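Reader: I am new to this structure and would like to learn how to read it. Could you take me through it feature by feature?

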Amino acid sequence: VTRSLPRSAVVLLATRSPRLLYGSLDVLSRAVGARAHRGVTAERVAAVFPALSAAEAERAARQVHASALKTRALAVALGHTRSDPPYPIVRVDSSASALPSPAVLISFHVGPFAALAHVLQRLPGEVLAPHYTNWTFPPNVRAIGGDRDEAERAAAFYRAVTMLRAGAHVFLMVETIRGLGVEVPLLGGSIPLARGAFALSRLTRVPVVPLFARWTGPDVTVAAGETIAPCGDETAQATAAARALERHLLAHPGEIGAGLPTEIIRSRSRATGRRAAS
Amino acid sequence: VTPSALWGAVALEVRLLVGVGFDRARFPVVGRRPQRASTLGGVRDRHGVAATVREILGTVCPAVQAAGVEVVDDTRLGRDQLGLDSIEIAEVLLACEEQFETRIEALLDGTPLTFGRVVDHFAGA
C-alpha cells in the first residue's frame, strides 16, 4: 500500500493528520486479514513465543503485519520531508518521562523506532545519534553518519564520549550483523549486539537506558526498560539490554517485526547443530 | 627557587611516578613512565612519544602485543593492518589524549590513521 501511494500523499497525511494515515493503515491491514508479512505467519510467531495460544499467535502475526505497514509509512514520511519531522502522536510512558542525564539511550529495530526521535527532542540539550538513514531529525538531535571505515566510526565514537562527558545524551541502535559484536541470548536463541553503546558506558561511567516504541492503534507509545548501570563488563550490559528487549517482546509480541523471528530461529538451529556435533 | 615551589615540583614528580590521581586501570602507563617524552618548546621527543603510544597500544589491545606485530610509521591502525576496530582506535586515542594532554580532533579528519600520524600529532610535529 505504501509503495502504491504517492510519497507526497503519505507525507501530507503524516504531517496534517497522522491519526487518519496510521488509523487507515491499521484498518486496512485488519481488512486484508492474516496475510503473512514477509513470512511472519502465526506458526512462526508461535515458534518464537511458545507460551502463546494459537489465537494469540494469530493475533500477534496480524499485529506484525499492521505494525510493519505503519512503520513503513512513517519511514517514508520521515525520509521525504524537509521541514519538521512528521511524527505520529506519541505518548510517553511514565518509565520514559524522566530519563537520567547523561545517558546512553539504546533501542532495537522493533516497532516504530523512528518515533523515538520525538522523545529525544524533549531532552535538554543536544543528542548525538549515529545513524545510517535519510530521515529528518529534530533540531537538537545531531545525526552523524559513520559507516565508511574504522577511522570514521572512531571519530563518531570519540564525539559520543566527548558529549557524554559534557552531560549530554547519545542515542544508538544496537543490533549488528552476526560475526561482529557480542552474541547475547534472546527468546531461546541469540542475537548479536554492537559493543559501541556498552563501551561508551564503560569509558564514561554513564548508564544505558533501553527505549522501546510500539504502536497503540494509530498512535505510538514510548517506554523505557530498566536502566543498566555502568560497569566494566560489556557482555553483562549487552545481556541486560537483550533481557529488556525480551521482556518488551513478551509483553507485545506483535512488535517483533519480520527480521527477528528468522534470526532467533536460525540461531536456535545453529545451537542445536553445535550440540549435536559435540 | 622558593622551598614551596621546589616541594611542589617534587610532589608533582612523585605523583607522576606513582600514578596518584590517574585512572590506572585505564592508563597503566601513567605511573610507570618507561620512556618520558621530553618537551622542548611544545615539540616532544618523537622517540619517547612513539614508545608511549606503542605501550598504550599494547595496553588497550593486548592482542597486538601478543601477536608481535611490527608497528612502523606506515602501519594503519584499522582492521586491514593492525586489526583494531573503531572502538579500540578511539580508546587508544583517548588514552593518548589524556597522557599527552593534547586534543585529538585533528587526527579524526577522515584521513587513514597510521601509527606515524598519531606519533607526529602528539609529538607536535
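This is a predicted model: local features need pLDDT of at least 70, side-chain atom pairs count only at pLDDT 80 or more; totals for chains, interfaces and linings use all residues.

Reader: How is a sheet read, and what is the strand order of the open sheet in chain A?

Author: Helices (H or I, at least four residues) and strands (E, at least two) are DSSP runs numbered from the N terminus. Two strands pair if DSSP finds at least two bridges between them. Here seven strands of chain A make an open sheet with mixed pairing, in the order β1-β9-β8-β2-β5-β3-β4. At its edges are β1 (90–92) and β4 (141–144) of chain A, each pairing on one side only. Neighbouring strands are turned by 25° against each other on average, direction ignored; axes are lines fitted to C-alpha atoms, for helices over the stretch in contact, and angles run from 0 to 180 degrees between N-to-C directions.

Reader: In which sense do β3 and β5 of chain A pair?

Author: Strand β3 (residues 127–130) and strand β5 (residues 169–173) of chain A pair in the parallel sense, over two bridges. In this pairing A:Leu128 stands opposite A:Val170 in β5(A).

Reader: Which strands does helix α7 of chain A touch?

Author: Contact means heavy atoms within 4.5 Å. Helix α7 (residues 196–204) of chain A packs on the sheet and touches β2 (103–107), β5 and β8 (208–216) of chain A. The direction of α7 makes about 165° with that of β2(A).

Reader: How many aromatic pairs are there over all chains?

Author: Rings of Phe, Tyr and Trp (its six-membered ring) pair if their centres lie within 6.5 Å; planes under 30 degrees apart count as stacked, over 60 as edge-to-face and the rest as tilted. The structure holds three such pairs over all chains. One of them joins A:Tyr22 and A:Trp215, a tilted pair at 5.0 Å centre to centre with 40° between the planes. A:Tyr22 lies in helix α2 (residues 18–32) of chain A and A:Trp215 in strand β8 of chain A, so this pair ties together parts 193 residues apart in sequence.

Reader: Are A:Tyr22 and A:Trp215 buried or exposed?

Author: Buried means under 20% relative accessible area, exposed over 50%, and partly exposed in between (1.4 Å probe, protein chains only). A:Tyr22 is buried at 0%, and A:Trp215 is buried at 8%. The rings of A:Phe108 and A:Phe212 have centres 5.9 Å apart and planes at 5°, so that pair is stacked. A:Phe108 lies in the loop between β2 and α5 (116–120) of chain A, and A:Phe212 in strand β8 of chain A, so the pair ties together parts 104 residues apart in sequence. Both A:Phe108 and A:Phe212 are buried.

Reader: What do the buried residues of α2(A) pack against?

Author: They pack against α1 (7–16), α4 (54–79) and β8 of chain A. The buried residues of α2(A) include A:Pro18, A:Leu21 and A:Tyr22.

Reader: Which residues are linked in a network of salt bridges?

Author: The network links A:Arg195, A:Arg202, A:Glu234, B:Asp85 and B:Glu91.

Methods: Residues are numbered from 1 along each chain as its sequence is written. Chains are lettered from A and ligands numbered from 1 in the order in which they are written. Side-chain values use heavy atoms; hydrogens and water are left out. A salt bridge is a side-chain nitrogen of Lys or Arg within 4 Å of a carboxyl oxygen of Asp or Glu.
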